[in-house]
Amino acid sequence: AQDNIPPPSSADRAFAVQLWDAMLRARLVGDNAVRTAPFKGGPTHTEVLEYLEQNVRVGFLDGLTVIKRNYTSQNGREVSVAKVWTDPKPYLMSITVMYRRRGYDPARKDWFWVEYEPGGAVTYAGKVEHCIVCHEPAEGKDYRFLPVAE
């Protein structure tokens, strides 16, 4: 299914690169990233996830950023929450991010969607339809599935 995802526009790719750099500075991605407690994933994303939210400044924008680190069995290694807690790097498959860009997509609460490879290469970015369709059932919770403070 991911083969059918159109590549990001040059503007969306450029913004995704700036976002990655900002998240690196904030220690939200990369080798020195702040860790959160991993938990068992569901039918989407991967088998084990880490989740965190924080405002991140990208240029003149300061937006809520939702980060999911997606872990899966790889290279013959079976993943588990305990293994990710102990040594996450061999299991990290991707990092998916929702970034609120005021005015970007008002119909969908201005979320900019992006998936990165573990080293920061952009897989897809922008108004990614398969992300939006999956998250639409959580529209009442700001497109987020985890509990949201009221």
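I first traced the sheet, which is open and has six strands in the order β1-β2-β3-β4-β5-β6 with antiparallel pairing (strands are DSSP runs of E, at least two residues, and helices runs of H or I, at least four, numbered from the N terminus; two strands pair if DSSP finds at least two bridges between them). β1 (39-40) and β6 (122-126) stand at the edges with a single partner strand each, so one side of each has no neighbour in the sheet.

I noted that this is a predicted model, in which local features need pLDDT of at least 70 and side-chain atom pairs count only at pLDDT 80 or more, while totals for chains, interfaces and linings use all residues. Residues are numbered from 1 along each chain as its sequence is written, and side-chain values use heavy atoms, with hydrogens and water left out.

I then followed β5 (residues 111-116), which six bridges join to the antiparallel β4 (residues 92-100), with Trp111 opposite Arg100. On β6, also antiparallel, I found four bridges to β5, and Val114 has Ala125 as its bridge partner there. Five residues separate β5 and β6 in their hairpin, and Gly120 in the turn has a positive phi of about 110 degrees.

I checked burial next (buried is under 20% relative accessible area, exposed over 50%, partly exposed in between, with a 1.4 Å probe and protein chains only): six of the six residues of β5 are buried. Trp111, Trp113 and Glu115 point one way from β5, and Phe112, Val114 and Tyr116 the other.

Lys68 lies in β3 (residues 61-71), and I recorded Lys68 as buried because its relative accessibility is 11%.
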